[in-house]
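Subject: Structure handover

Hello,

Here is the structure I said I would pass on. My notes follow below it.

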Amino acid sequence: MTRTVVSQLSPLPDGPVTVAGWVETVRDQKKVQFVILRDETGAVQLVNPATRDLEEGATAEQQAAAELTETIGALAHGTMVRVSGELKHDERVKLGGLEVKVGTLEVVSEAIAETPIAEDSSLDKRLDWRFLDLRRPEANLLFRVQTTFEHALRSYWVERDYVEIHTPKLMASASESRAELFEMEYFETKAYLAQSPQFFKQMAQPAGFGKVFEIAPAFRADPSFTSRHATEFTSIDAEVSWIDSHEDVMAMHEEALVAAFTAVVEKHGAAIEAAFDVSLSVPSLPFPRIPLAEARQIVADGGYEIPRTDGDLDPEGERRLSAWVKANHGHDFVFVTDYATGIRPFYHMRREGDGSITNSYDLLYNGTEISTGAQREHRVDVLVEQAREKGIEPEELEFYLDFFRYGVPPHGGFGMGLARVLMLMLDLGSIRETTYLFRGPTRLLP
């Protein structure tokens, strides 16, 4: 009989059915046994009338029933089983209003009785046994949300004639700066793991692609142990040609996010509220926009002095600004714009008439920065000058500068961390929870 997943049981009529999954719990009572079976879509109750203490002369049917009772009683948490039986709808059953009366049960793969993690295990311990930790319904839901979120972003871009690209993660030189680079041997030379696809998505602009996007890994040799940093993460990037300013990038960015949040709310909103106690809503357009200098003043007026000396916001400043935006604009997102030249990369375009400011932004969501975007400088002579100001010799950037020597349109884009967005969306404490397999300074396994 064809296997039916749990989520598809409810519409079926009473009758024969086959289900398969892992054992979550067993209640072995004297007269009846209950098993909670979970698969990738949900959980269902299995029931078996217990047959025990057979007398001499028992029939083959009675012996089979006794063997089934013994098998069920010995099932360990996590054991994989395939069950055929009779589906019955019964509103008295708390778990979904239905159950399956066991006819046959096949143990497909036995589990060790003592599991290495429990509900109260530390996050690090759970990450050591991530394949078991991911059996939690909340974890399953999280990655279904991720799937819907990414699919909606892709759909938004594909429907608007964007090209999906896959850029290399091995580079001959730094993608943005010399800092936070993973260096590795590469035959007779050295290579570096890409910090971002920045240079390569810009290369698509003189190539005539117009609009591109990528969802792919990026690497940062950052020794941070914060809840929002990782050495390998999934970066969501987009780049578009023929823009007038970073305002065009922000407009595209917020529209794409609204499309993604709409898909998540429609498909998973109720499940998210049940699992995470988060009432997720679709953000309104446009997102608030606040220049950095004004943002710093808002934070200062709230009684907090930002300790950073470079003029940027720190994490506490981000939280306080976002709280102010929520209180005054009713919004979970805010674009912080007009970043100073000194705290932006050499390739960010500077404001016409005011070279101290760049046409760039950071996007904050629920108190945390999730993205940086900007209009890029497309004039090669200006790029060379700005690189030198940052202490980068143009000779180190020859392959990059060549992009701009044969004609390139005005362009801009953004990069956004997937795990951070999910962490903030579901109100979780760390991107370790929202990364399938986390990588940090002290974690390379599993």
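**Charges over rings**

Arg135 lies over the face of Trp22, 5.6 Å from the centre of the ring. The model is a predicted one, and that applies to everything below. A second case involves Tyr339: the charged end of Arg344 sits over its ring, at 3.8 Å from the centre.

**Aromatic pairs**

A pair of aromatic rings is described by how far apart the centres are and by the angle of the planes. The structure holds 23 aromatic pairs. One of them joins Phe149 and Phe261, with ring centres 6.1 Å apart and planes at 80 degrees, so this pair is edge-to-face. The pair links distant parts of the chain, as Phe149 is in helix α4 and Phe261 in helix α6 (residues 246-276), 112 residues apart.

Phe333 is buried, at 1% relative accessibility.

Elsewhere, ring pairs link Phe199, Phe200, Phe346, Tyr347, Phe399, Tyr400, Phe403 and Phe404 into a cluster.

**Salt bridges**

Side chains of opposite charge can pair when their charged atoms come close. The structure holds 38 salt bridges. In one of these, the side chains of Glu40 and Arg3 meet at 2.9 Å, N to O. That pair links distant parts of the chain: Glu40 is in the loop between β2 (32-39) and β3 (42-49), while Arg3 is in the segment before β1, 37 residues apart. Glu40 is partly exposed, at 32% relative accessibility, and Arg3 is partly exposed, at 37%.

Asp332 and Lys326 form a salt bridge at 2.9 Å, N to O. Asp332 is partly exposed with a relative accessible area of 25%, and Lys326 is partly exposed with 43%.

Arg351 and Asp338 form another, at 2.7 Å, N to O.

**Cavity and pocket**

How many cavities of 30 Å³ or more are there in the whole structure? The search finds one. The largest cavity holds about 30 Å³ of space. Its lining is made up of Leu127, Arg130, Leu437, Phe438, Arg439, Arg443, Leu445 and Pro446. By class, that is five nonpolar, no polar and three charged residues.

The second largest pocket holds about 530 Å³ of space. Its lining has 20 residues, and His77, Glu119, Leu132, Asp133 and Arg136 lie nearest its centre. β1 (15-28), α3 (130-133) and α4 (137-159) each supply at least two lining residues, and α4 gives the most, with four. By class, the lining of this pocket has nine nonpolar, two polar and nine charged residues.

Regards

Conventions
Residues are numbered from 1 along each chain as its sequence is written. This is a predicted model: local features need pLDDT of at least 70, side-chain atom pairs count only at pLDDT 80 or more; totals for chains, interfaces and linings use all residues. Side-chain values use heavy atoms; hydrogens and water are left out. On a 1 Å grid over the protein atoms alone, a cavity is a set of points where a 1.4 Å probe fits but cannot get out, and a pocket is an open set with protein on both sides within 12 Å along at least five of seven lines; lining residues have an atom within 4 Å of a point. Grid points are joined across faces, edges and corners, and a volume is the space filled by probe spheres set on the points. Ala, Val, Leu, Ile, Met, Phe, Trp, Tyr, Cys and Pro count as nonpolar, Asp, Glu, Lys and Arg as charged, and the others, Gly among them, as polar. Rings of Phe, Tyr and Trp (its six-membered ring) pair if their centres lie within 6.5 Å; planes under 30 degrees apart count as stacked, over 60 as edge-to-face and the rest as tilted. Buried means under 20% relative accessible area, exposed over 50%, partly exposed in between (1.4 Å probe, protein chains only). A charge sits over a ring if NZ of Lys or CZ of Arg is within 6 Å of the ring centre and within 35 degrees of the ring normal. A salt bridge is a side-chain nitrogen of Lys or Arg within 4 Å of a carboxyl oxygen of Asp or Glu.
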